[in-house]
2 protein chains.
Amino acid sequence: MDFEEKTLKRTEIFDGHVIKVVVDDVELPNNLGQAKRELIFHRGAVAVLAVTDENKIILVKQYRKAIEKVSYEIPAGKLEIGENGSEKDAAARELEEETGYSGDLKQIHEFYTAIGFCNEKIKLYQATHLQKVPNPRPQDDDEVLEILELSYQECMDLVKSGAIEDAKTIIALQYYALHFGG
Amino acid sequence: MDFEEKTLKRTEIFDGHVIKVVVDDVELPNNLGQAKRELIFHRGAVAVLAVTDENKIILVKQYRKAIEKVSYEIPAGKLEIGENGSEKDAAARELEEETGYSGDLKQIHEFYTAIGFCNEKIKLYQATHLQKVPNPRPQDDDEVLEILELSYQECMDLVKSGAIEDAKTIIALQYYALHFGG
């Protein structure tokens, strides 16, 4: 069985700061005819499951315009131009900017967030042996963030209440339960 | 601290079959000024961690145009118009169309896939006590799918090899390990 969809024509719709939108006309395999694919291209992102020496998980409280709600998530951020290949540095930068911590980073997962229509890939790290950075890099000036350090059980209460509804944060919490003994 | 970002102006960019794209000019809280938010609206989707009586996990092999690769994922599908509120029926339909099975469905998670710019929400179900449907609903005519039934260990081999890089599938596999005893 053949799977590949060949691009017959690509129509560029939007080229923004965060996302690029195209519509592809594709030829389906196995003589199934043609179809259209609406696609989002994104530079990719990093996220960090940061665990303190007291076994607390660091969460960031912030407003998410796409859902018009406040959300609790693990620290994360988009890759900047030219950062591909140094995702670990990007993860360290995001951790420092958002939380004021540095730590020992290790990659634990990587995944496409919305594989049906978007190529955004997140590399997820764990950070342990956290230390407060004396003069941390400032937060981005268009972000309003509040930092929390919560036990695994407190995080799971936020999942149950619906305050945590973010895929990367759920992956990080389940990883914690499997590997740090939730 | 105030978190909400008020919409000053919304510019509609694209209104497709799967996604809608807008750019919002927002007023940041706490007198931080203005910013732009590139946003994707999506109807939402359902996904199913289907576990056979032999403790095999059902995966779907398919081509994903956004990443130009073949991908292994749990069965899933977009909500159709009017299906909000009956996500469980949509999950049962996707399971039958993609795998030919029916089963006992129970919701286990719900999450936004790409919360930074997109409102797509996936409701994830487990399906157990699977039974082959005598005359299952046909697959969508623009999908080429191959169905596999794999042990948890075989699934984890696909994660290690990079063949499984899909967030919802990783969430489902972690859930299996935590609750079915991987």
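D104(B) belongs to strand 8 (residues 101–112) of chain B. Helices (H or I, at least four residues) and strands (E, at least two) are DSSP runs, numbered from the N terminus. D104(B) is partly exposed, at a relative accessible area of 45%. The classes are buried (under 20% relative accessible area), exposed (over 50%) and partly exposed (in between), with a 1.4 Å probe and protein chains only. Beyond its neighbours within four places in sequence, D104(B) is in contact with Q126(B), A127(B), T128(B) and H129(B). Contact means heavy atoms within 4.5 Å. Y125(B) is 21 residues from D104(B) in sequence, and their C-alpha atoms are 9.6 Å apart.

This is a predicted model, in which local features need pLDDT of at least 70, side-chain atom pairs count only at pLDDT 80 or more, and totals for chains, interfaces and linings use all residues. Residues are numbered from 1 along each chain as its sequence is written, chains are lettered from A and ligands numbered from 1 in the order in which they are written, and side-chain values use heavy atoms, with hydrogens and water left out.

Chain A contains three helices and ten strands. Their order along the sequence is β-β-β-β-β-β-β-α-β-β-β-α-α. Along the principal axes, the C-alpha atoms of chain A fill a box of roughly 60 × 35 × 30 Å. Chain A has 182 residues, of which 57% count as buried. Contacts in chain A between residues at least 6 apart in sequence were also classed by separation; 57% of them join residues at least 24 apart.

Y63(A) is found in strand 5 (residues 57–64) of chain A. Y63(A) is buried, with a relative accessible area of 11%. Leaving aside neighbours within four places in sequence, its contacts are E68(A), K69(A) and V70(A), together with F3(B), E4(B) and E5(B). Y63(A) and V144(A) are 81 residues apart in sequence, yet 7.6 Å apart in space, C-alpha to C-alpha. R64(B) lies in strand 5 (residues 57–64) of chain B. R64(B) is also buried, at 16%. With neighbours within four places in sequence set aside, R64(B) is in contact with I115(A) and G116(A), and with K69(B), S71(B), E73(B) and K168(B).

Positive phi values occur at two residues described here. E68(B) is not a glycine, and its phi is near 55°. E68(B) lies in the loop between strand 5 and strand 6 (69–73) of chain B. Its relative accessible area is 36%, partly exposed. H129(A), likewise not a glycine, has a phi of about 50°. H129(A) is found in strand 9 (residues 121–132) of chain A. At 53% relative accessibility, H129(A) counts as exposed.

In chain A, helix 2 (residues 152–161) and helix 3 (residues 167–181) cross at roughly 140°, and their axes come within 11 Å. Axes are lines fitted to C-alpha atoms, for helices over the stretch in contact, and angles run from 0 to 180 degrees between N-to-C directions. The crossing in chain A is left-handed. A crossing is left-handed if the near helix is turned anticlockwise from the far one by less than a right angle, and right-handed if clockwise. Y152(A), C155(A), M156(A) and V159(A) of helix 2 meet L173(A), Y176(A) and A177(A) of helix 3. This contact has seven nonpolar, no polar and no charged residues. Ala, Val, Leu, Ile, Met, Phe, Trp, Tyr, Cys and Pro count as nonpolar, Asp, Glu, Lys and Arg as charged, and the others, Gly among them, as polar. In chain B, helix 2 and helix 3 pack at about 145°, with axes 11 Å apart. That crossing is left-handed.

The whole structure holds zero disulfides over all chains. The criterion is a pair of cysteine sulfur atoms within 2.5 Å. For C118(A), the closest cysteine sulfur is in C118(B), 7.3 Å away and too far for a bond. C118(A) is buried, with a relative accessible area of 0%. C155(B) is buried at 0% relative accessibility.
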